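Subject: Structure handover: helix packing and ring contacts

Hi,

Here is the structure we talked about. Please open it alongside this note.

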Amino acid sequence: MTGLLRKSLCALALSVALVSAGHAATLVEPTLHLKPRGDGGRVALTLDACGGKTDTRILSALVENRIPATIFVTGIWLKRNAAAVEIMRAHPDLFELENHGGRHIPAVDTPRKIYGISAAGSPDAVQAEVESGAAALASAGGPPPKWFRGATAEYSPSAIAMIRKLGFKIAGFSVNGDGGSLLGARETARRIAAAKDGDVIIAHINQPTHAAGEGVVQGLLALKQKGMTFVRLDDAEDVGNDGTTD
Ligand SMILES: [Zn+2]
């Protein structure tokens with residue numbers, strides 16, 4: 001290989017690396033908080049139902065302990081979990097169902113992978129994911145969703161702008177309660193129990209075999225014990241960054 005060729009290959013490799021670094025840098029994981037009210041602690045519990053089944057440990061604990069929650073459901077999950085949907089619909093004072101997309105595809109409008117999941121990859125595909133999620137909720141007979149949370153909770157800024165135009169606020173979070181449902185029960189309980197006034201907690205309600213679900217219940221009961229109030233996203237004034245709620 002000539003020195004010149006080697007040099008230009010190096011330059012090429014470098015520019016490819018810069019381009020991918022540029023792409024990686026454009027994704028955002030927005031945060032969401034409740035506006036402080038100054039009258040003791042308030043938190044919002046948000047639970048994702050990405051696909052799969054229902055963690056009845058969590059669902060029963062919420063009903064028994066009267067803990068309100070905002071549930072982000074996909075079209076896939078809605079189809080396979082009619083009994084759980086019926087329980088949620090039977091308690092409209094506890095459960096607010098919102099849009100987690102039609103097929104659980106990340107709302108990122110350029111082709112790439114996020115945590116191993118292929119992104120929607122184009123503006124049209126992001127729009128289809130958002131609208132099919134809303135349509136699935138509408139056909140399940142509830143009020144139309146006002147919030148959207150994309151699979152993986154990461155977005156390209158242009159996708160955020162589009163989702164806002166479609167009429168949805170975007171639900172970030174401030175406490176990652178269960179690390180994608182992959183944490184142990186103890187660590188999950190510790191993280192959730194440590195939530196402070198104004199926090200928005202994210203965890204999962206679709207992994208009944210994971211230890212994390214047990215931790216979600218323990219953490220929530222600890223917060224309740226401390227006198228923390230739980231609200232749904234629609235019951236509070238919420239403040240998100242990256243243009244997600246304003
Ligand atoms: Zn999800």
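Which hand does the crossing of α5 and α6 have, left or right? The crossing is right-handed. Bear in mind that this is a predicted model.

First, some detail on that pair. Helix α5 covers residues 123–139 and helix α6 covers residues 157–165. Their axes lie 10 Å apart, and the packing angle is about 45°. An angle between 35 and 65 degrees counts as oblique, so α5 and α6 are oblique to each other. On the α5 side, the contact uses Pro123, Val126, Gln127 and Val130. On the α6 side, Ala159, Met162 and Ile163 take part. Six of these residues are nonpolar and one is polar.

Next, α7 and α8. Helix α7 runs over residues 185–193, and helix α8 over residues 212–225. Their axes come within 7 Å and cross at roughly 30°. That angle is under 35 degrees, so α7 is roughly parallel to α8. This crossing is right-handed. From α7, the contact involves Ala185, Thr188, Ala189, Ile192 and Ala193. Their partners in α8 include Glu214, Gly215, Val216, Leu220 and Leu223. By class, the contact of α7 with α8 has nine nonpolar residues, four polar and one charged.

Last, the rings. A search of the whole structure gives zero aromatic pairs. One ring does have a charge over it: the charged end of Arg149 sits over the ring of Phe72. The distance to the ring centre is 4.6 Å.

Best wishes

Key. Residues are numbered from 1 along each chain as its sequence is written. This is a predicted model: local features need pLDDT of at least 70, side-chain atom pairs count only at pLDDT 80 or more; totals for chains, interfaces and linings use all residues. Side-chain values use heavy atoms; hydrogens and water are left out. Axes are lines fitted to C-alpha atoms, for helices over the stretch in contact, and angles run from 0 to 180 degrees between N-to-C directions. Helices (H or I, at least four residues) and strands (E, at least two) are DSSP runs, numbered from the N terminus. Angles under 35 degrees count as roughly parallel, over 145 as roughly antiparallel, 65 to 115 as roughly perpendicular and the rest as oblique. A crossing is left-handed if the near helix is turned anticlockwise from the far one by less than a right angle, and right-handed if clockwise. Contact means heavy atoms within 4.5 Å. Ala, Val, Leu, Ile, Met, Phe, Trp, Tyr, Cys and Pro count as nonpolar, Asp, Glu, Lys and Arg as charged, and the others, Gly among them, as polar. Rings of Phe, Tyr and Trp (its six-membered ring) pair if their centres lie within 6.5 Å; planes under 30 degrees apart count as stacked, over 60 as edge-to-face and the rest as tilted. A charge sits over a ring if NZ of Lys or CZ of Arg is within 6 Å of the ring centre and within 35 degrees of the ring normal.
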